[in-house]
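Have the viewer open and follow along as we go.

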Amino acid sequence: MKRPGKLDHVQDPKRDPTLDPVHPAAIHLMPGRLYFGRGAFLRTLLGSCIAITLWHPQRRWGGMCHYLLPSRQNRGTAALDPRYGDEAITLMLQAITRTGTHAADYQAHLYGGADTMPDGFNLKFNVGERNIEQAWTLIDRHGFQLQDVDVGDTMPRTVTLDLKTGQVRVKRSIASVPDDAKK
């Protein structure tokens with residue numbers, strides 16, 4: 001298992017289970033992970049989590065984070081952990097700095113934050129809403145150029161980012177709502 005705070009890297013498709021055998025350059029970004037680099041094809045599935053994609057159109061650097069929660073109560077001296085929105089963006093900003101580029105030069109896309117606990121469950125944590133609010137704050141704070149947004153609702157989403165072209169696609173899935181929640 002990889003330690004939190006480390007960037008995912010492209011590995012040999014024959015030995016890396018996160019790579020898609022149909023699209024060998026595809027990296028399936030699991031919750032709490034991020035990738036920053038060039039040339040890869042990234043894919044992730046979102047519910048209440050958030051994906052922020054970044055793309056530098058001139059230098060062709062980019063990445064995606066898939067965070068689960070907006071922040072943690074007390075990080076202390078622990079390593080940065082991409083499961084949390086504020087820490088995932090800090091890790092991506094560190095990668096941006098290493099490339100010699102600036103956050104304001106990156107195009108951003110924001111997706112996810114679905115309400116995965118509809119009213120019929122009689123349980124509300126509002127994780128999706130809190131994740132969306134954190135994402136807006138982070139994008140504004142760091143000056144990313146927001147290009148597209150698809151957040152909220154109850155629909156899961158699949159997001160892809162092609163780091164060869166910068167093309168981002170989002171596909172909504174059908175929400176699964178239990179029968180007693182439909183009443």
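## The chain as a whole

Please keep in mind that this is a predicted model. The chain holds two helices and nine strands. Reading from the N terminus, the order of elements is β-β-β-β-β-α-β-α-β-β-β.

How much of the chain is buried? Of its 183 residues, 44% count as buried. The accessible surface amounts to about 10,000 Å², and carbon and sulfur atoms contribute 52% of that. As for contacts with a separation of 6 or more, 61% of them join residues 24 or more positions apart.

## The helix pair

Helix α1 covers residues 85-99 and helix α2 covers residues 127-142. Their axes come within 10 Å of each other and cross at roughly 30°. Because angles under 35 degrees count as roughly parallel, α1 is roughly parallel to α2. The crossing of α1 past α2 is right-handed.

Which residues make up this contact? From α1 come Gly-85, Asp-86, Ile-89 and Leu-93, and they meet Gln-134, Leu-138 and His-142 of α2. By type, the residues in the contact of α1 with α2 are three nonpolar, three polar and one charged.

Ala-95 and Thr-90 both belong to the helix, so it is worth looking at each in turn. Ala-95, in helix α1, has a relative accessibility of 4% and counts as buried. In sequence Ala-95 is 60 residues from Tyr-35, yet in space their C-alpha atoms are 9.6 Å apart.

Thr-90 also has its place in helix α1. With 32% relative accessibility, Thr-90 counts as partly exposed. Leu-80 is ten residues from Thr-90 along the chain, and the C-alpha to C-alpha distance between them is 8.0 Å.

Pro-70 sits in the loop between β5 and α1. Is Pro-70 buried or exposed? Its relative accessible area is 12%, and residues under 20% count as buried, so Pro-70 is buried. Setting aside neighbours within four places in sequence, Pro-70 is in contact with Tyr-84, Gly-85, Asp-86, Arg-130, Asn-131 and Gln-134. Among these, Gly-85, Asp-86 and Gln-134 also take part in the contact of α1 with α2. Pro-70 and Val-127 are 57 residues apart in sequence, and their C-alpha atoms are 8.2 Å apart in space.

Ser-48 is found in the loop between β3 (41-46) and β4. Ser-48 is buried as well, with a relative accessible area of 16%. What does Ser-48 touch, leaving out residues up to four places away in sequence? The list is Gly-113, Ala-114, Thr-116, Val-127, Gly-128 and Asn-131. Asn-131 is also a contact of Pro-70. Between Ser-48 and Arg-130 there are 82 residues of separation along the chain, while their C-alpha atoms are separated by 9.3 Å.

Most residues other than glycine have a negative phi. Arg-60 has a phi near 60°, a positive value in a residue that is not glycine. Where is Arg-60 placed? It is in the loop between β4 (50-56) and β5 (61-67). Arg-60 is partly exposed, with a relative accessible area of 39%.

Asp-153 likewise has a positive phi, about 65°, although it is not a glycine. The loop that holds Asp-153 runs between β7 (145-151) and β8 (157-162). Asp-153 is partly exposed, and its relative accessible area is 42%.

Note on methods: Residues numbered from 1 in each chain as written. Predicted model: local features only at pLDDT ≥ 70, side-chain atom pairs only at ≥ 80, totals over all residues. Heavy atoms only, no water. Helix = DSSP H or I, 4+ residues; strand = E, 2+ residues; numbered from the N terminus. Buried < 20%, exposed > 50% of the residue type's maximum accessible area, 1.4 Å probe, protein only. Contact = heavy atoms within 4.5 Å. Areas by Shrake-Rupley, 256 points an atom, 1.4 Å probe, with all protein chains shown as cover. Axes fitted to C-alpha atoms, helices over the stretch in contact; angles between N-to-C directions. Parallel < 35°, antiparallel > 145°, perpendicular 65-115°, else oblique. Left-handed = near helix turned anticlockwise from the far one by under 90°. Nonpolar A, V, L, I, M, F, W, Y, C, P; charged D, E, K, R; others polar.
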